[in-house]
Amino acid sequence: MQRALFPALFSALVTFLLTCLVIGVKLEQDGPELTVVNADAATWGWIAFAVVAVFLVQLFHQPLSALKQRLPTPHISALLPREQLRSRLTPWLIALVVLGLFIWPFMVSRGSVDLATLALIYVMLGLGLNIVVGFAGLLDLGYVAFYAVGAYTYALLSEYYGLSFWACLPIAGLMAATFGCILGFPVLRLRGDYLAIVTLGFGEIIRILLNNWTDVTGGPNGISGIEKPTLFGLEFSRRAAEGSQTFHEFFGIDYDSSHRVVFLYLVALLLVLFTIYVINRVQRMPIGRAWEALREDEIACRSLGLNPTVIKLSAFTMGASFAGFAGCFFAARQGFISPESFTFIESAIILAIVVLGGMGSQLGVILAAIAMTILPELAREFQEYRMLMFGGVMVLMMLWRPQGLLPMKRPQLELKTS
Amino acid sequence: MSETALYVLQQLINGLTIGSTYALIAIGYTMVYGIIGMINFAHGEVYMIGTYTAFITIIGLVTMGVGSLPIILLLALITAVIISSTYGYAIERVAYRPLRGGPRLIPLITAIGMSIFLQNYIRLAQGSRDLAMPSLISGGISFGDPALFEVSISWMQMIIWSVTLVSMTALALFISRSRLGRACRACAQDLKMTNLLGIDTNRIIALTFVIGAALAAVAGVLLGLYYGTINPYIGFMAGLKAFTAAVLGGIGSIPGAMLGGLILGVTEALTAAFFPSEYKDVVAFSLLVLILLFRPTGLLGKPEVEKV
Amino acid sequence: MKQTFGSFGKTLLAAGSLLAAVSNVQAESLKIGIAGPVTGPVAQYGDMQKIGAMMAIRQINEAGGINGQTLEGIIYDDACDPKQAVAVANRIVNDDIRHVIGHLCSSSTEPASDIYEEEGVLMITAASTSPTITEKGYELIFRTIGLDSLQGSLAAAHIRDHVKPERLAVIHDKQQYGEGLATTVKDLLAADGIEAEMFEGVTPGDKDFSALIAKLKRNNIDFVYYGGYHPELGLILRQSREKGFDVPFMGPEGVVNSDLAAIAGEAMEGVLATAPKSFDQNPENSALTEAFKARNEDPSGPFVFPAYAAIQVMTDAIKATGETDPYALAEYLRANRFDTTIGEIGFDARGDLTESTFMVYRLHADGSKTALSE
């Protein structure tokens with residue numbers, strides 16, 4: 001106990017120094033006058049509480065950590081049924097879940113469906129980045145650039161050439177993939193942190209260019225009036241543009257705005273299912289194995305005869321194309337895009353989704369994306385604290401469980417003995 | 001001197017001013033990377049906290065009736081350095097030390113999370129609006145033919161140069177002459193070996209963060225006085241620019257950070273001088289990308305050999 | 001223990017039923033959404049809109065409500081971000097609210113208005129000045145504030161008639177509001193024969209304008225029109241003074257803010273600005289101004305009175321038509337004139353005000369402003 005006293009006092013002092021001025025004293029601007037006032041009593045109460053708490057925790061550091069050792073760590077995998085049973089049940093379970101996802105929107109409020117659509121967009125982005133970061137181990141901090149490329153491709157093609165959403169979807173993916181390739185080439189030789197910074201730089205450059213190139217991209221005004229997707233030419237609006245019919249007219253039912261919301265949700269769901277399917281297949285192909293080999297040890301990879309250039313490029317390109325699809329859908333859903341939606345923070349959020357979910361683990365990424373979208377809505381009273389908690393959670397997750405919520409399990413077969 | 005020459009001189013003066021502040025912040029990045037190979041994303045926020053602390057101290061002292069400007073500034077500097085260093089130390093201790101030795105991606109995520117956390121922490125504590133303080137040090141000297149172009153250097157700019165120079169010199173002397181400085185250099189060369197030789201590397205690493213934070217605080221005080229306005233978001237851009245400077249000069253090299261800062265500042269100023277100012281930031285980022293593509297070790301850095 | 005639990009349980013039940021009863025009563029009120037930035041860098045403008053609208057709602061409720069119903073203002077935060085604005089618009093529709101005052105930033109109002117028009121929600125903005133919002137032929141979108149184009153033409157006319165610069169510079173902040181205004185002013189002046197020597201953008205959030213100022217000096221500029229908000233203009237003014245660059249500046253209403261005095265200090269004296277008429281100076285509004293001050297709320301913000309007026313016209317229309325259906329209200333709004341705190345106003349076919357509410361002001365270092373005759 002004695003030994004812990006000095007560190008405890010020191011930690012308490014540090015805590016006090018950290019908070020006393022920056023939180024304890026508030027700057028107030030009254031017109032041209034700037035003054036300082038003591039923060040209110042509640043804030044000082046919190047400061048005192050923090051100092052005392054830190055002191056106590058440090059003082060009783062030993063017994064506390066011994067206690068922590070004895071706590072059972074949750075093994076999520078232990079909760080699931082046995083392997084044999086699991087392999088037989090899983091296809092049925094998946095089918096059930098997918099069916100549920102298709103039926104569900106017709107039964108709940110429009111707001112929930114809208115939120116779910118947003119979550120699906122982030123799922124797509126997370127899965128796409130998962131290829132680059134999770135599978136191939138390449139840290140991409142500028143992923144939002146591909147998202148932007150997809151969105152602007154659709155917006156511009158729709159505005160200047162009148163192409164429909166479905167026509168633009170593959171084009172957006174292709175454009176984003178091309179940019180992925182262009183980005184991939186120069187960064188081939190870079191390692192880890194340098195790669196991260198270059199991608200960050202690229203992301204920012206794309207955003208600034210979109211903001212400055214007013215003639216083409218509308219600059220800071222963005223592009224508005226983007227067409228929504230149609231169902232075989234049927235529009236989901238109150239009144240149809242000349243030459244086309246609306247959905248409700250065709251089926252002879254009353255106009256209900258929730259039709260479009262549900263339709264958008266279903267489109268997003270289809271895109272996500274497509275994404276999951278493709279990634280799953282590719283993961284089992286040689287290229288998927290090669291990505292993982294690259295992540296584990298690039299030099300060993302090279303010595304085994306694999307070409308890291310091709311592997312890195314394929315990871316970037318494929319990951320980028322999914323961001324392109326997501327961007328195209330995002331533009332269609334929102335009807336308006338501007339460079340403000342494609343900042344570095346977006347990249348950070350998508351990266352957080354991948355890391356928190358468990359790099360490489362698809363299910364983990366899906367769950368993390370859903371959580372990341374839904375939780376801020378549930379805690380709407382905490383709107384002010386949203387970003388603070390986001391940052392804090394990122395730090396805490398890395399400290400507590402860096403492998404993510406659901407660490408990746410390689411697809412494997414167990415040989416039955418005897 | 002011709003008009004263009006005078007104009008370029010003015011821009012050079014502007015560039016050197018902002019460049020020195022980049023250099024001060026860049027040193028923090030470069031020292032940390034040199035020792036533990038990690039990019040401290042949260043460093044920009046430490047600079048921002050230094051600025052806020054300086055503002056609080058200055059206004060607080062003025063409100064309490066302290067009249068002497070040098071005393072106010074000195075106390076502001078000391079307080080900002082102490083508080084920022086504490087933050088630097090605490091961040092390292094809490095968020096980075098437990099993750100040392102693991103995969104490089106994890107501390108990077110933590111650093112990004114820390115940066116977001118600190119930005120919003122200050123935003124909630126002090127408000128997201130710009131806070132503005134009247135100029136404490138104004139005026140300067142000007143020369144040059146008014147008919148052509150009048151070059152002006154403000155006292156504040158000269159203060160920035162001199163304080164930066166003093167800080168850099170102090171740091172250089174510390175690193176090269178003192179025992180702790182030698183330990184720092186040893187850790188930067190080979191961390192494991194230094195540990196084996198009996199130096200407490202944890203303390204040295206903590207010291208590195210503290211020094212970096214202290215210099216960032218100095219930059220914070222200087223820029224806070226120079227611009228007069230602050231908000232919780234200034235750390236991000238300053239951090240990014242300073243990081244560019246560090247990479248430009250060669251990450252891991254302290255003279256490189258100084259050089260990189262000055263070069264970046266001057267490049268920005270000259271770009272804005274002859275092209276529309278909105279392309280200033282593009283230049284910074286493009287420079288970063290180009291350097292990393294063609295000379296990742298920077299101007300003064302040493303190529304890192306990756307051992308199998 | 002059982003006893004306390006019993007009485008505790010009863011209290012809970014009572015509280016619960018009371019709550020249910022109260023919320024039932026609440027359901028009778030007419031909800032009006034107030035959408036704007038509550039958080040973020042321009043939160044103080046969202047605040048202006050909020051206090052104006054809430055004051056109107058409060059006063060109307062005190063006078064007995066509208067057609068027997070009480071009004072309830074629900075605040076929604078879009079942080080001046082288009083993405084969040086879309087989410088807010090969707091949420092408002094989900095919450096079954098069909099009357100909205102908002103949004104604030106033109107870049108937020110733009111996408112949100114698409115949703116409101118589509119879903120049959122009446123929207124009146126008291127602050128968005130971008131012309132494109134009412135150029136889409138929407139029925140349900142109105143505004144109680146002048147257009148950027150009006151602000152721009154007013155500024156251009158003033159510059160042409162009163163300032164007559166020899167070497168003009170037009171600077172903007174590369175955002176929709178600022179760049180739009182700057183382009184309007186530049187084009188109008190060019191049509192009148194005054195070419196801008198410099199037309200450049202700065203990055204919002206940037207702090208160092210020494211390069212720009214040196215460039216302005218070098219080009220011997222004698223007048224600068226700045227399109228953007230107060231943080232950047234304040235710094236430009238301050239740094240210009242330090243560098244000895246002493247020329248008149250002019251800006252839009254986005255710079256008319258007490259914070260400008262804080263940032264620019266003495267350098268702000270003499271800066272020109274176009275701004276909505278100071279309705280709080282109007283003697284007819286003195287009672288209302290006092291009401292704001294009594295609540296420690298600042299009535300001098302440019303969006304306070306327009307927001308109040310927005311609620312006024314909305315409730316006047318409800319009272320006159322006897323219903324709350326947005327389409328009926330929209331028709332009524334277009335067809336009639338209203339007596340509001342911002343004067344007697346009417347709406348044109350597009351939903352814009354039929355009269356301009358902007359004036360040219362000279363700003364002073366203490367934060368006040370004096371009106372200049374046009």
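Modeller: A definition to begin with: a disulfide here is a pair of cysteine sulfur atoms within 2.5 Å. Keep in mind that this is a predicted model.

Biologist: How many disulfides does that rule give over all chains?
Modeller: The count is 1. The bond joins Cys80(C) to Cys105(C), with the sulfur atoms 1.8 Å apart.

Biologist: Where in chain C do Cys80(C) and Cys105(C) sit?
Modeller: They are in distant parts of the chain, 25 residues apart. Cys80(C) is in the loop between strand S2 (71-77) and helix H3 (82-94), and Cys105(C) is in the loop between strand S3 (99-101) and helix H4 (106-119).

Biologist: Is that link left-handed or right-handed? And are the two cysteines buried or exposed?
Modeller: The link is left-handed, with -115° about the S-S bond. Both Cys80(C) and Cys105(C) are buried.

Biologist: Helices next. How do H6(A) and H15(A) cross?
Modeller: The axes of H6 (residues 110-135) and H15 (residues 308-334) of chain A come within 7 Å and cross at roughly 165°. H6(A) is therefore roughly antiparallel to H15(A), as angles over 145 degrees count that way. The crossing is left-handed.

Biologist: Which residues meet there?
Modeller: From H6(A), they include Asp114(A), Leu118(A), Ile121(A), Leu125(A) and Gly128(A). On the H15(A) side, Phe316(A), Gly319(A), Phe322(A), Phe329(A) and Arg333(A) are among them.

Biologist: What domains does chain A get?
Modeller: The assignment gives domain 1 (1-71) and domain 2 (108-400). Their C-alpha centres lie 40 Å apart.

Biologist: Last one, in chain B. Where is Thr164(B) found, and is Thr164(B) buried or exposed?
Modeller: Thr164(B) is in helix H5 (residues 155-177) of chain B. At 5% relative accessibility, Thr164(B) counts as buried.

Biologist: What is Thr164(B) in contact with, leaving aside neighbours within four places in sequence?
Modeller: Ser20(B), Leu24(B) and Leu222(B).

Note on methods:
Residues are numbered from 1 along each chain as its sequence is written. Chains are lettered from A and ligands numbered from 1 in the order in which they are written. This is a predicted model: local features need pLDDT of at least 70, side-chain atom pairs count only at pLDDT 80 or more; totals for chains, interfaces and linings use all residues. Side-chain values use heavy atoms; hydrogens and water are left out. Helices (H or I, at least four residues) and strands (E, at least two) are DSSP runs, numbered from the N terminus. Buried means under 20% relative accessible area, exposed over 50%, partly exposed in between (1.4 Å probe, protein chains only). Contact means heavy atoms within 4.5 Å. Domain bounds come from an automatic or database domain assignment. Axes are lines fitted to C-alpha atoms, for helices over the stretch in contact, and angles run from 0 to 180 degrees between N-to-C directions. Angles under 35 degrees count as roughly parallel, over 145 as roughly antiparallel, 65 to 115 as roughly perpendicular and the rest as oblique. A crossing is left-handed if the near helix is turned anticlockwise from the far one by less than a right angle, and right-handed if clockwise.
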